[in-house]
Amino acid sequence: MKKKILLIYTGGTIGMIKDTAKNTLIPFNFDELLKAVPELKNVELDLDNISIQNPIDSSNMNPENWVEIVNLIRNNYSTYDGFVILHGTDTMAFSASAISFMLENLNKAVIFTGSQIPIGVRRTDAKENLITSVDIAASGKVKEVCIFFEDQLYKGNRTVKINTEHFEAFESPNYPILAEAGVNIKYKSYLEKGTEKKLKLNTKMSNNVAVLKLFPGIRIETIKAIINSAKGVVIESYGAGNAPTNEDFLRLFENATENGKILINITQCLHGSAIEGKYETSELFRKAGVICGKDMTTEAAITKLMFLLGKDLTDIEIKSQLKENLSGEITI
Ligand code: ASP
């Protein structure tokens, strides 16, 4: 039987054209652009496409767009074997992370891809990314949310954008790649095995969250303002999860957690993990009741917090689930 794949267009460079008056790139009608890839017409599979209502530069992405995307997947889930989401690269790692939490018990491929150069431009990377993503989605081997970019298939919630210029725009710093596309596509053993459970949608994402990045010289007032601005805060600390050994810092974090704030500590480093209590300088977080987010990316930590705060959970349940591996986002 022919495999059926649904392309979901959300915008991004892949489908943009130049606004000659302003000399900037703007989203375009994707139907026209698909004509630029005749190779997609494949006798072995049926390919349909659909678009979110207003395709956007992914810098304009927000949780409402994520809800629109997961609803499109849910409404078409039983009809299609896999889904390819065309998305701008700027926030692709956030969207892939968020949607990995929003689609629970996923048993089909949801592959995000995009490009650094628009699809109609001669040196574009869009064709390869798009064609291979469609083949991966149709392979039957992938049953999770991934990003495919420049020959590599990454676990969606482990991925970060690392380059604005190279075709290799993404990396999965703390998790092995899931497949590599050369002459053949080689699938690795790290792929999720799938589930028989029924797909469940979580569409409530709270944006009552913030990120606090430490830097030498940061003022207590700055930290206070960020913590006061939200219920849940991701702290990007130094190295293996360290912060200054300063009584004022300790008191501030302690007061925050005692007053119902949910704080989670991850490292600013691209590779490696926050480790609770490795150095005296990370003891502060443990003493203050800050959750250790280990090797989660900022993208995964913030969207996991949005997802958990959107659910009807107690603070104790949220803190406990933050430490758990919900969708492959953390090494425990
Ligand atoms: N600004 C674009 C976007 O994220 C960049 C891209 O697609 O590569 O939508």
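Analyst: Asn23 is placed in the loop that runs between strand E2 (16–19) and strand E3 (24–27). Helices (H or I, at least four residues) and strands (E, at least two) are DSSP runs, numbered from the N terminus. The model is a predicted one, in which local features need pLDDT of at least 70 and side-chain atom pairs count only at pLDDT 80 or more, while totals for chains, interfaces and linings use all residues. Residues are numbered from 1 along each chain as its sequence is written, and side-chain values use heavy atoms, with hydrogens and water left out.

Asn23 has a phi near 60°, which is a positive value in a residue other than glycine. Its relative accessibility is 54%, so Asn23 counts as exposed. The scale behind that word calls a residue buried under 20% relative accessible area, exposed over 50% and partly exposed in between, using a 1.4 Å probe and protein chains only.

Asp151 also has a positive phi, of about 80°, although it is not a glycine. It sits in the loop between strand E8 (145–149) and E9. With a relative accessible area of 37%, Asp151 is partly exposed.

The next loop to look at holds Arg158, between strand E9 (152–155) and strand E10 (160–161). Arg158 is buried, its relative accessible area being 3%. At 3.4 Å, its side chain reaches the backbone oxygen of Ile330. This is a polar contact, meaning a pair of N or O atoms within 3.5 Å; within protein, one must be able to donate a hydrogen and the other to accept it, and residues adjacent in sequence count only if both atoms are side-chain atoms. Setting aside neighbours within four places in sequence, Arg158 is in contact (heavy atoms within 4.5 Å) with residues including Glu171, Tyr175, Asp295, Gly328 and Ile330.

Ser206 belongs to the loop between strand E14 (200–201) and strand E15 (209–213). At 17% relative accessibility, Ser206 counts as buried. The backbone nitrogen of Asn208 lies 3.0 Å from the side chain of Ser206. If residues up to four places away in sequence are not counted, Ser206 touches Met306, Leu309 and Gly310.

Ile119 is in the loop between strand E7 (109–113) and helix H4 (126–138). It is buried, at a relative accessible area of 2%. Ile119 and Val37 are 82 residues apart along the chain, and their C-alpha atoms are separated by 8.2 Å.

Now to the helices. Helix H5 (residues 220–228) packs with helix H6 (residues 247–258) at an angle of about 10°, the axes being 11 Å apart. Axes are lines fitted to C-alpha atoms, for helices over the stretch in contact, and angles run from 0 to 180 degrees between N-to-C directions. H5 and H6 are therefore roughly parallel to each other; angles under 35 degrees count as roughly parallel, over 145 as roughly antiparallel, 65 to 115 as roughly perpendicular and the rest as oblique. From H5, Ile220, Ile223, Lys224 and Ile227 meet Asp248, Phe249, Leu252, Phe253 and Ala256 in H6.

For helix H2 (residues 63–76) and helix H3 (residues 92–102), the axes come within 10 Å and cross at roughly 55°. H2 and H3 are therefore oblique to each other. On the H2 side the contact is made by Trp66, Val67, Ile69 and Val70, and on the H3 side by Phe94, Ser95, Ala98, Ile99 and Met102.
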